[in-house]
Amino acid sequence: MIFSQAHALALVELLGVLAFAFTGIIEARKKNMDLIGVYTVSMITAFGGGTVRDLMIGHYPLYWVQHSGYALILLGFAVAAAPLSSSFYENPHITKIFIVLDALGLGLFSAVGAGVAHQAGCDFYISLLLGVVTGVFGGVIRDIICNEIPNVFRRNELYATCAVFGSAVFLICLYLSVDELSATLISIAFTVTLRLVSVKYRVKLPF
Amino acid sequence: MIFSQAHALALVELLGVLAFAFTGIIEARKKNMDLIGVYTVSMITAFGGGTVRDLMIGHYPLYWVQHSGYALILLGFAVAAAPLSSSFYENPHITKIFIVLDALGLGLFSAVGAGVAHQAGCDFYISLLLGVVTGVFGGVIRDIICNEIPNVFRRNELYATCAVFGSAVFLICLYLSVDELSATLISIAFTVTLRLVSVKYRVKLPF
Amino acid sequence: MIFSQAHALALVELLGVLAFAFTGIIEARKKNMDLIGVYTVSMITAFGGGTVRDLMIGHYPLYWVQHSGYALILLGFAVAAAPLSSSFYENPHITKIFIVLDALGLGLFSAVGAGVAHQAGCDFYISLLLGVVTGVFGGVIRDIICNEIPNVFRRNELYATCAVFGSAVFLICLYLSVDELSATLISIAFTVTLRLVSVKYRVKLPF
């Protein structure tokens with residue numbers, strides 16, 4: 001049982017990283033960046049959130065430095081995606097799949113981020129914040145590089161708010177002595193559900 | 001005497017943090033950000049300068065990670081400020097009070113920042129630079145996130161220049177064996193005076 | 001022989017730092033920044049790439065913190081450059097000299113950056129990436145502060161691509177047991193040649 005959960009997590013991680021990288025590719029292409037720009041923005045979108053978290057708590061080595069396979073996978077991904085036209089990205093079926101994968105990534109990164117901060121000795125509230133940072137700051141840096149006001153801070157459907165609740169659910173599970181793998185999966189399920197419901201019904205923050 | 005100075009410093013810190021956070025709230029609201037955006041920008045404005053300084057010298061744990069009470073206070077502050085209209089922020093009385101509080105924060109952060117760098121073994125000039133970074137880089141990151149050229153780099157009334165002189169006064173006091181609390185208060189008085197005089201008489205750098 | 005190579009490297013370093021700082025001064029002046037802004041942007045352009053690399057691997061103390069002489073040299077440089085008109089920067093002879101110096105800086109920083117990452121235990125691919133980061137991220141942060149989409153990500157003549165090949169040449173030399181000074185000089189020669197050829201013949205990435 002634990003074994004299959006670990007496998008599920010590894011798959012979610014790969015899908016989440018690719019979905020995050022994909023949003024970077026889309027934004028970079030919209031800005032007419034070349035392959036170097038597309039690759040850099042996709043790397044920063046996928047690993048920027050975890051990197052900011054690790055810098056805040058002095059947690060080394062960074063994940064992508066230690067697991068360099070991901071940097072190579074994203075290189076292949078950026079090369080493969082480069083010749084695709086922007087109409088591909090606007091295909092509604094692609095958009096739907098992409099929103100689900102992105103929600104999976106958001107859920108995983110928020111839970112794992114909160115867990116790393118908690119293990120580093122941060123208290124509940126700072127762990128919660130650093131979980132959210134892990135989930136959303138890759139996108140924040142992506143938008144800053146692409147010269148936009150970060151999308152996550154605007155009044156769209158709930159996004160960072162999902163990460164807030166996801167991190168909280170993960171940490172509460174830990175305090176209730178749920179094992180970490182189960183806590184992660186429960187938290188991801190919560191975040192993904194909240195995110196997809198808010199997209200479907202266009203839920204926004206009141207202010 | 002030392003006792004009351006320490007209390008004065010704690011009060012200045014709270015007022016300075018709140019003033020810095022307030023400028024973040026104003027800018028974020030101007031850009032129509034939601035509560036998450038307002039809170040993030042206010043946190044970054046208040047603690048971004050000190051965080052950049054600490055990253056430059058590898059100084060852990062970060063202040064706001066260790067003192068998580070501030071992150072909660074700013075959350076309450078962002079929630080309370082959210083429903084206020086922008087006309088509130090443009091009230092000239094509020095603006096005046098705000099300029100004084102912001103000057104207090106600038107003075108404190110520059111002095112404390114120079115002191116932290118000095119204690120970490122940086123020489124006079126690098127300590128001076130890191131004092132200025134502590135005082136002004138929260139606002140720099142705020143403006144970058146809000147998609148503006150950082151205000152502090154434009155030809156307005158003196159701002160970073162006040163932090164330069166404030167940091168220098170603090171470090172010179174230390175070299176003259178003034179105790180750290182007194183050096184901080186002297187430096188703050190110097191920075192605040194210079195800042196308020198430059199606002200009143202619209203002093204700018206010649207180039 | 002080793003001795004003269006070391007001297008050549010020190011000279012290249014000074015010229016590279018000044019060339020990088022100079023691009024920062026030009027961009028900051030275009031945006032009408034004051035002396036504080038010009039100085040900050042020139043410091044970030046010159047040392048931003050190496051600083052980001054060092055933060056990624058937790059490598060302290062930072063170069064510019066330890067060698068504070070550079071921060072003072074750039075201060076003098078920013079003050080001296082401040083009264084120059086923008087027509088000075090647009091002079092074609094200045095532009096040509098500047099492109100050569102900038103290419104030297106790019107070559108040195110990419111080689112040295114890859115070397116630092118390699119010594120810190122990063123594998124070939126991550127060392128390559130961090131070499132490129134060292135060469136180009138100062139310019140990336142410069143452009144972000146100046147509220148532009150980073151120039152290096154746009155379809156111009158090859159720039160980051162030169163850093164990619166330069167870092168690779170340096171690392172391959174190391175793996176072939178070439179001594180580090182010679183590897184650095186070979187790598188710089190390669191990067192500078194590729195950069196100047198691509199500027200002369202307007203070579204771009206196919207996508």
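Biologist: How many residues of chain B are in contact with chain C, and how many of chain C with chain B?

Modeller: Contact has a simple rule: the C-beta atoms of two residues, placed from the backbone, must lie within 7 Å. Here, 22 residues of chain B are in contact with 21 residues of chain C. The elements giving two or more residues to this side of chain B are α2 (35–57), α7 (124–145) and α8 (160–175) of chain B. The most, four residues, come from α7(B). By class, this side of chain B holds 15 nonpolar, three polar and four charged residues. Nonpolar means Ala, Val, Leu, Ile, Met, Phe, Trp, Tyr, Cys and Pro, charged means Asp, Glu, Lys and Arg, and the others, Gly among them, are polar.

Biologist: Before we go on, what sort of model is this, and how do I read the labels?

Modeller: This is a predicted model, in which local features need pLDDT of at least 70 and side-chain atom pairs count only at pLDDT 80 or more, while totals for chains, interfaces and linings use all residues. Residues are numbered from 1 along each chain as its sequence is written, while chains are lettered from A and ligands numbered from 1 in the order in which they are written.

Biologist: By what turn can chain B be laid on chain C?

Modeller: To compare copies, we superpose them by least squares on the C-alpha atoms of residues with pLDDT of at least 70 in both. Chain B goes onto chain C with a turn of 120° and a shift of 0.0 Å along the axis, giving an RMSD of 0.0 Å. The two copies are therefore related as by a three-fold rotation axis. In chain B, the C-alpha nearest that axis belongs to B:Asn147, 3.9 Å away. The two copies use different surfaces, with 14% of the contact residues of chain B recurring in chain C.

Biologist: And what rotation superposes chain A on chain C?

Modeller: A rotation of 120°, with 0.0 Å of shift along its axis and an RMSD of 0.0 Å. In chain A, the C-alpha nearest the axis is that of A:Asn147, 3.8 Å from it.

Biologist: Let's look at one helix. Where does α7(A) bend?

Modeller: A bend at a residue is the angle between axes fitted to the seven residues ending there and the seven starting there. α7(A) bends by about 50° at A:Val136. This helix has 22 residues and reaches 31 Å from its first C-alpha to its last, close to the expected 32 Å. The expected span is 1.5 Å times one less than the number of residues. After α7(A) comes A:Asn147, with a positive phi near 60°.

Biologist: How many residues of α7(A) are buried?

Modeller: Count the other C-beta atoms (placed from the backbone) within 10 Å of a residue's own: 20 or more is buried, 12 or fewer exposed, and in between partly exposed. In α7(A), 19 of the 22 residues are buried, so the helix is largely enclosed by the rest of the structure.

Biologist: Where is the kink in α2(A) centred?

Modeller: On A:Phe47, with an angle of about 55°. α2(A) is mostly covered, as 21 of its 23 residues are buried. A:Gly58, which follows α2(A), has a positive phi near 65°.

Biologist: Which residues touch the most other members of the largest nonpolar core?

Modeller: A nonpolar core is a set of buried Ala, Val, Leu, Ile, Met, Phe, Trp, Tyr and Cys residues joined through C-beta atoms within 7 Å. The largest core has 213 residues, and A:Ala21, A:Val136, B:Val136 and C:Val136 touch the most other members. Not counting residues up to four places away in sequence, C:Val136 touches C:Gly49, C:Val152, C:Tyr159, C:Ala160 and C:Ala163.

Biologist: Why does C:Leu185 count as buried?

Modeller: Because C:Leu185 has 20 C-beta neighbours inside 10 Å. C:Leu185 is found in helix α9 (residues 180–200) of chain C. Leaving aside neighbours within four places in sequence, C:Leu185 is in contact with C:Gln5 and C:Ala8. The C-alpha atoms of C:Leu185 and C:Gly107 are 8.8 Å apart, although 78 residues separate the two along the chain.
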